[in-house]
Amino acid sequence: MGSQLHLSDPQAAAVRADAVEQRDLLVAELESFCDLHSNISLQKSSSGGLGDDDSEKLVHLGAEVFAKARVHDPKTVFMYVGLGFYVQCSLDESLKLAEDNIQRLQQKKALLDQFLQGDF
């Protein structure tokens, strides 16, 4: 049995609205990491895409805008790790980072779901 939060109705509504907003942001981030994992897995498994030649790819620039780019080393990627920093890693390392982030976000989502259901 979880502990109950005793707040006035307006306070409870504000806390709930904030939790719903956090959950929505979390779900979007989770979907983004799932897409990343899928794309890296596809890149890793594509037999023609891992050659040493300068293969041409579509690169997502943001806001659903893409550009053609030549990929000089398709065996490594740069992953954002926070605070404006990126780390260069192999496809295997990037898959592991994506999996770790997916697991962390799923745990946070489960806690928020539990809170929103009143079982916290």
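## The Lys109 pairing

Lys109 makes a salt bridge with Asp113, and the closest N and O atoms sit 3.0 Å apart. For a salt bridge, the rule here is a side-chain nitrogen of Lys or Arg within 4 Å of a carboxyl oxygen of Asp or Glu. Both residues belong to helix H2 (residues 91-116), and because they are four residues apart there, about one helical turn separates them. Arg23 comes into it as well: salt bridges with shared partners tie Arg23, Lys109 and Asp113 into one network.

How exposed is Lys109? Its relative accessibility is 22%, so Lys109 counts as partly exposed. The classes go like this: buried is under 20% relative accessible area, exposed is over 50%, and partly exposed is in between (1.4 Å probe, protein chains only).

## What the model is

This is a predicted model, so local features need pLDDT of at least 70 and side-chain atom pairs count only at pLDDT 80 or more, while totals for chains, interfaces and linings use all residues. Residues are numbered from 1 along each chain as its sequence is written, and side-chain values use heavy atoms, with hydrogens and water left out.

Searching the whole structure turns up six salt bridges. As a general point, side chains of opposite charge can pair when their charged atoms come close.

Glu56 pairs with Lys68, with 4.0 Å between the closest N and O atoms. Strands (E, at least two residues) and helices (H or I, at least four) are DSSP runs, numbered from the N terminus. Glu56 also forms a salt bridge with Arg70, where the closest N and O atoms are 3.9 Å apart. Here too the link is between distant parts of the chain, strand S1 for Glu56 and strand S2 for Arg70, 14 residues apart.

As for accessibility, Glu56 is partly exposed at 44%, Lys68 is exposed at 65%, and Arg70 is exposed at 52%.

Val87 lies in strand S4 (residues 85-90). With a relative accessible area of 32%, Val87 is partly exposed.
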